[in-house]
Amino acid sequence: MFDVTKIEDFQQGEFRRAAFLTCGAVCSRQIEIETEGDVIRGVRYTGGCNGNTQGVAALVAGMKVDEAIARLEGIDCNGRGTSCPDQLARALKQL
């Protein structure tokens, strides 16, 4: 119900770039993720609260994928059942 949809997935060696459409229950519309091995190198949201999404992206940069999932999964935004950080965790789980 709140799952993200992968729309792009490119990998070259350890580098990977993937893009996901969010579920529609949150303000952001898309999340782009760059990883190197199991480390997040960058995250970019399209839409959503600019300050909050930039903050989340800055906080997870350099973090291991599993740690980011553990910290972000299940965060709820105003009773919606998901949030922009939770959507990121769901996307990371699909990598």
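Buried residues (under 20% relative accessible area with a 1.4 Å probe, counting protein chains only; exposed is over 50%, and partly exposed lies in between) make up 39% of the 95 residues in this protein. What you're looking at is a predicted model, where local features need pLDDT of at least 70, side-chain atom pairs count only at pLDDT 80 or more, and totals for chains, interfaces and linings use all residues. Residues are numbered from 1 along each chain as its sequence is written, and side-chain values use heavy atoms, with hydrogens and water left out.

**Overall build**

- There are three helices and four strands here, taken as DSSP runs (H or I, at least four residues, for helices; E, at least two, for strands) and numbered from the N terminus.
- Along the principal axes, the C-alpha atoms fill a box of roughly 40 × 25 × 20 Å.
- Take the contacts (heavy atoms within 4.5 Å) with a separation of 6 or more: 35% of them are between residues 24 or more positions apart.

**Surface and charge**

- The accessible surface comes to about 5300 Å², and 47% of it belongs to carbon and sulfur atoms. The areas come from the Shrake-Rupley method with a 1.4 Å probe, and for residues only the protein chains shown count as cover.
- The protein carries 11 positive and 13 negative side chains, with the centres of the two sets 3 Å apart. Lys and Arg count as positive and Asp and Glu as negative, while His and the chain ends aren't counted; each charge is placed at NZ of Lys, CZ of Arg, CG of Asp or CD of Glu.

**Helix α3**

- Eight of the 11 residues of α3 (residues 84-94) are buried, so this helix is largely enclosed by the rest of the structure.
- The buried ones are C84, P85, D86, Q87, L88, A89, A91 and L92.
- They pack against β2 (15-21), β3 (28-36), β4 (39-47), α1 (50-60) and α2 (65-72).
- At the start of α3, a side-chain oxygen of S83 comes to within 3.1 Å of the backbone nitrogen of D86.

**T22, in a loop**

- T22 sits in the loop between β2 and β3 and is buried, with a relative accessible area of 12%.
- A polar atom of the T22 side chain lies 2.6 Å from the backbone oxygen of S28.
- Setting aside neighbours within four places in sequence, T22 is in contact with V4, S28, R29, Q30, I31 and Q87.

**V56, in helix α1**

- V56 belongs to α1 and counts as buried at 16% relative accessibility.
- Beyond its neighbours within four places in sequence, V56 is in contact with Y45, P85 and L88.
- V56 and A18 are 38 residues apart in sequence and 17 Å apart in space, C-alpha to C-alpha.

**R16, in strand β2**

- R16 is part of β2 and, at 17% relative accessibility, counts as buried.
- The side chains of R16 and D9 are joined by a polar contact of 2.6 Å. A polar contact is a pair of N or O atoms within 3.5 Å; within protein, one must be able to donate a hydrogen and the other to accept it, and residues adjacent in sequence count only if both atoms are side-chain atoms.
- Not counting residues up to four places away in sequence, R16 touches K6, D9, F10, Q11, I33, E34, T35, Q94 and L95.
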